[in-house]
Amino acid sequence: MELRHLRYLVAVAEQESFSGAARILHVAQSAISEQLANLEREIGVPLFTRSPRKTTLTAAGRIFLTEARRTLADAEHGVKLAQRAHRGEAGTLRIGFFAGGTGVNFPRLIQTFRKHYPDVQLSLVEMTSTQQWVALMEGRIDVGFTRRLEPEFRPELQSVVMQQDPIVAILPKNHRVVPGPVDLRDLAHERFVFSSRETSPAVFDKVIELCSEAGFSPRIASISSVWSSVVLMVQAGEGISLLPLNEQQFRTRDLAFCPLKAKSAFVEFVMAWSPRRDNTLISSFRELALMHKASSHQKKR
C-alpha cells in the first residue's frame, strides 16, 4: 500500500467516478482502476460498489476513507515539518547553560528565539562548563553557553566569545579595601574561598594567574562547586573570594563586589557547539545569538 493508492481512493470517492478521478489527477483511468483493485485485494474487503452511472463506497470503504484522509493529512504535515526543519524552522534544540553564567541577555535571547521559531522544541539544560563540553561531544546538547574550552576539547568543538565577564573581589562590606578598585597585593594575606577547578577550569586558573601576577600564592580555606555556596562561605567569614561578576545575584546586603585594578581580570563567556553535529537549526540559533550580542554591544556604546 502506498500513498498514491489513498489519493486515488479519495479522488474516486469524492468524484463518485473513476473517470472523474482520472481527470482531476491527470492519471489514466485504467491505472486508477487497476491500483484500487489491487488495494482491495491487499486488504481483503471491497471498498467500492461499481455501477455504470456512479461509483460509491461500501460501509468498509467509508471507514477506510476517513482513515485515508487522516493518513494523507499526516503525511502532508510531516513533509512540511521536514521542510521547515531543513530550513532551521522546526525540530528540537537543547541548550546548555550554567547558573550565574548566562548574562542578562540570555532570557531575552531565548524569548526571541521562541517567538521567531514557534515550531522548535527548545530545552534548557543546566550543566557546569565541563559537563557541557562532554555533552556537546556526545550529542546530548546542541549549543552550550560555557567558559573558554580546555585544550583537549578544542579539536572537536568550536566556540565564539559572547562577552568578557569581569572578575571581582567578594568581600565583607566593612573590609578595608572596599569599594575598590582593588589591588590584589592588598589581599595577599587573606584566606580565600575558591570555585572548584572541576566546575570551571577557566575561572580557577584565571584566579591563580591573577594572584601569581600580584606576587603571591593564595591561601585556600575552602573550595565549592557552586557560586552561591562560595558567596555563603564568604558571608560566614570563611574567607574572601575572586569570581566572575554574577549580575543576577551580586546584590547581597552584607557583601561588597569590588572591581580589580588588574586589566586582565576577566574570563571569557563563550557559545560552543560541535561542527560534526551542526545543522541548519543550530546555525539559526547561533546567528540569532550573535545578533543579540551585536545589539547589546551597540547599546553599551
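Biologist: Two strands pair if DSSP finds at least two bridges between them; in which sense do strand 7 and strand 8 pair, parallel or antiparallel?

Modeller: In this predicted model, where local features need pLDDT of at least 70 and side-chain atom pairs count only at pLDDT 80 or more, totals for chains, interfaces and linings use all residues. Residues are numbered from 1 along each chain as its sequence is written, and side-chain values use heavy atoms, with hydrogens and water left out. Strand 7 and strand 8, which covers residues 219-224, pair in the parallel sense over five bridges, and Arg191 stands opposite Arg219 of strand 8. Strands (E, at least two residues) and helices (H or I, at least four) are DSSP runs, numbered from the N terminus.

Biologist: How many residues of strand 7 are buried?

Modeller: Four of the five residues in strand 7, residues 191-195, are buried, which leaves the strand mostly covered. Buried means under 20% relative accessible area, exposed over 50%, and partly exposed in between, with a 1.4 Å probe and protein chains only.

Biologist: And Arg197, where does that lie?

Modeller: Arg197 lies in the loop between strand 7 and helix 7 (201-213), and with a relative accessible area of 33% it is partly exposed. Not counting residues up to four places away in sequence, Arg197 touches Glu150, Phe204 and Asp205, where contact means heavy atoms within 4.5 Å.

Biologist: How far apart in space are Arg197 and Leu93?

Modeller: From C-alpha to C-alpha, Arg197 and Leu93 are 29 Å apart, and in sequence they are 104 residues apart.

Biologist: Why does Gln132 count as buried?

Modeller: Gln132, found in helix 6 (residues 129-138), counts as buried because its relative accessibility is 0%. Apart from residues up to four places away in sequence, Gln132 touches several others, among them Gly96, Phe97, Phe98 and Met127.

Biologist: What about Thr58, buried or exposed?

Modeller: Thr58 counts as buried at 15% relative accessibility, and its place is in the loop between strand 2 (55-57) and helix 4 (59-86). Leaving aside neighbours within four places in sequence, Thr58 is in contact with Pro46, Leu47, Phe48 and Thr49.

Conventions: Pairing = 2+ DSSP bridges.
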